[in-house]
Structure formats: structure tokens, C-alpha cells
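Hello,

Here is the structure I promised to pass on to you. Please open it next to this email and follow along as you read.

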Amino acid sequence: MAMSVFVTRRIPAEGLRVLSQASGCRVQQWDSEEPVPRAELLAGVAGAHGLLCLLSDRIDREVLDAAGPGLKVISTLSVGLDHLALDEIKKRGIRVGYTPDVLTDATAELSVALLLSACRRLPEAAQQVRSGGWTTWKPLWMCGYGLSDSTVGIIGLGRIGQAVARRLKPFGVRRFLYTGSGPKPESAAEFGAEFVPLARLAEESDFVVVTCALTPATQGMCNKDFFARMKKTSVFVNTSRGAVVNQEDLYEALAQGQIAAAGLDVTTPEPLPTDHPLLSLQNCVILPHIGSATYATRSTMAVLAARNLLAGLRGEPMPHELTL
Ligand code: NDP
Ligand code: DGY
């Protein structure tokens, strides 16, 4: 019997090729750069055995009901899983594939780029060149904060958190702190990183980099209290998920000068409305969720997602299956 799969977006061709060349696999796709409308998602998934989805698709009870009992596997083109109703998925015995590791380098690289953009005020400085604000070399103009001899606090020393620390270390960082659900001496050893409570990480870090997963425990974790504890000279960077941050509290902290600057690759909502208050601030650099956006990475993610899906459909071990 042919297996039918629904793909919720146009994905890199290499990934789609893996699916369309697989024998016994019938592919239906929302072939657009834009997200599938909810009604199309519900219709497209009906009767599917496999679903290849994106982080922008909310896969909840309604979608699972629409799919029906034949749905065997969900493969997400992401390492983040917060868009999936995992309890409900587990209850129904559906397998889940995801894309860890293959995007770690690209996301860590972007995190460093964002950190440097925020702390050295790159977008603001480049804008001054265009607008004629650059009148002469001035000793007190466009100064920021450097990494040399600094303390960097990493919230979530997982795959991406470690890859960020590895890249920042050669900049002359003096001390790494980290927080998470518990100490990870093996991961921390490479950086001599110290496990500390969140409050201490906020108080002692010159740079805070958020690289944790979004979970009920991390939602809204970076809030008024957190920003109040940070130094006025510190820089906050988030490349995890927007909802880890209370954005109203971040806005106040940036606008009141409680912290020096922020760099965000992720926001709530996405896209961030163009009239959002955060976009009025010079000391906030915002990117459109491009952490994993290199051609090679996205292609590799698509192939991995396709292989996960096929393996799940065939009842074989997936290259990267989530343990539910
Ligand atoms: P990992 O699972 O390797 O790391 C997640 C980390 O989150 C773990 O170290 C975990 O620590 C930590 N964490 C969990 N709970 C808490 C907590 N309460 N406080 C602090 N830390 C906590 O995942 P990856 O590094 O591969 O990816 C991390 C996240 O990055 C993804 O979930 C995704 O949301 C985001 N991401 C964003 C991208 C972008 O484009 N901007 C690209 C790729 C990923 P512990 O083990 O101690 O629980
Ligand atoms: C993920 O994989 O979770 C990212 O946010 C996009 O690559």
C-alpha cells in the first residue's frame, strides 16, 4: 500500500527529492514560501501517514484529529519542538523525527554575529554612514562593549550553547557561567564553565546568551527581575525562542538603560509587527529567525527531515528520533 505524506511548505529541493524518489510514497505538498493556512493544513493532513512540518505549524490535537488514526510519523524541519503537542502525540503512538546537530554550527555562528552586532552597535553605525551622521572620527562616538576579559553567561549549555561558547572563547572571554536544569560537568569542562543559579548568571555576566529550549519552565524566564539584576553595561542575546523572554520587560530594560543592548533572532510573535516598540530602539538588533539559514544547513535539514519521515513510515530506526 502506498504511504501518503503531507509536506507543509516548499522545502529545499534535496529534501523533497528524497521523498519523491522513495518507492511507495505519495507526496502532497503546500508548495509555497508562505505558511500553510490552517484550513489547508487540516485538509492536507487528512488521511496522511506522514507529516513533514515546520516550526511555524502548530501541531496540536485538532491537527492530529484531522489526520486520523493512520498518522504514524511527524517529522519536523527543526530541532525546536515547542510547536508540537508532544503529550498528545505520544498518547497516539506517533513517532517524531527532528533535526538536531546539523544546524548547531550555523546557529552558533549567527548567535556570535548577533552578539557582536549588538555589543559593537553595527547596524546603528552602518546607518550613520548612510545618513551622513559620520562627520569625523570622534573619540567618544559609537563606542560599545568588547568580549575581551568578559564574563559570558549561557542559558542552556546544550548543543548550540556549547558551540557558542567554543566560538566565543578565542575572543578572550575570561569566565563562562551557565544555567540549566542541573550541572553538566562534562560539557562545561571545555570552557571551565561554572553552573550557577539564573539570578547569579544575570548579575555577573557581561553578555547573556539564551540557547535553551522553550519549555513551561523556560517560558518568560528572562523577565523584569532578571533584567533588573543585569549590569547596565551588559548585553542580552536570544537565539532560542521568543517566548523565553518577557518582551515588555525587555523593552523597559533597554529603554530605561537598565541593560546596554540586546540582539534577538527570535521574537513573539514572528514576524514582529513593524510598529513594535522594540523596533524603535537603537540598542536592540532584531533578526528574522535566521539562525540556521545557510544554504548548506537548510539543505541538510531537509534531507534529514525527509529521511526521518521515510524511516518512520517504514518502521525503521530514524536517523534522529525524539524519545517520547
Ligand atoms: P539542546 O537540547 O542541546 O539544548 C537545550 C538546552 O536547554 C539544554 O542544555 C537544556 O539544559 C536547556 N534547558 C532546558 N531547561 C532549562 C532551564 N529551565 N533553564 C535553562 N536551560 C534549560 O538543544 P539545541 O542546543 O540543539 O537547541 C536549543 C534551542 O535553540 C532549540 O530548542 C530551538 O528552540 C533553538 N534554536 C533556534 C534556532 C534559530 O534559528 N534561532 C536554530 C536552532 C535551534 P539541561 O540539559 O540542563 O536541561
Ligand atoms: C529550529 O530548528 O528549531 C530553528 O529555530 C530553526 O532552524
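First, some housekeeping. This is a predicted model, in which local features need pLDDT of at least 70 and side-chain atom pairs count only at pLDDT 80 or more, while totals for chains, interfaces and linings use all residues. Residues are numbered from 1 along each chain as its sequence is written, chains are lettered from A and ligands numbered from 1 in the order in which they are written, and side-chain values use heavy atoms, with hydrogens and water left out.

**The two domains**

The protein chain is assigned a domain 1 (3-100 + 295-313) and a domain 2 (104-286); such bounds come from an automatic or database domain assignment. Taken over C-alpha atoms, the centres of domain 1 and domain 2 are 32 Å apart.

How many residues of each domain are in contact? Seven residues of domain 1 touch four residues of domain 2, where contact means heavy atoms within 4.5 Å. Between domain 1 and domain 2 about 490 Å² is buried, and carbon and sulfur atoms give 52% of this. Buried area here is the accessible area (1.4 Å probe) that two parts lose on being put together, summed over both. On the domain 1 side, Leu 55, Asp 82 and Pro 100 lose the most area to domain 2, together 62% of what that side buries.

The rule finds one salt bridge across this interface, a salt bridge being a side-chain nitrogen of Lys or Arg within 4 Å of a carboxyl oxygen of Asp or Glu. Asp 82 also forms a salt bridge with Arg 241, with 3.0 Å between the closest N and O atoms.

**Ligand 1**

Which residues come nearest to ligand 1? Of the 28 residues around ligand 1, they are Gly 158, Arg 159, Ile 160, Ser 181 and Asp 265; a residue counts as near if one of its heavy atoms lies within 4 Å. A polar side-chain atom of Lys 184 is 3.2 Å from an oxygen atom of ligand 1, and a polar backbone atom of Thr 239 is 3.0 Å from a nitrogen atom of ligand 1. On its own, ligand 1 has 930 Å² of accessible area, and the protein covers 84% of that. Accessible areas come from the Shrake-Rupley method with a 1.4 Å probe; for residues, only the protein chains shown count as cover.

**Ligand 2**

The residues surrounding ligand 2 include Leu 55, Val 79, Leu 103, His 289 and Met 301. Arg 241 turns up again here: an N or O atom in the side chain of Arg 241 is 2.7 Å from an oxygen atom of ligand 2. A polar side-chain atom of Ser 292 also lies 2.7 Å from an oxygen atom of ligand 2, and a polar backbone atom of Gly 80 is 2.8 Å from one. The protein covers 90% of the 230 Å² of accessible area that ligand 2 has on its own.

Happy exploring!

Methods: A polar contact is a pair of N or O atoms within 3.5 Å; within protein, one must be able to donate a hydrogen and the other to accept it, and residues adjacent in sequence count only if both atoms are side-chain atoms.
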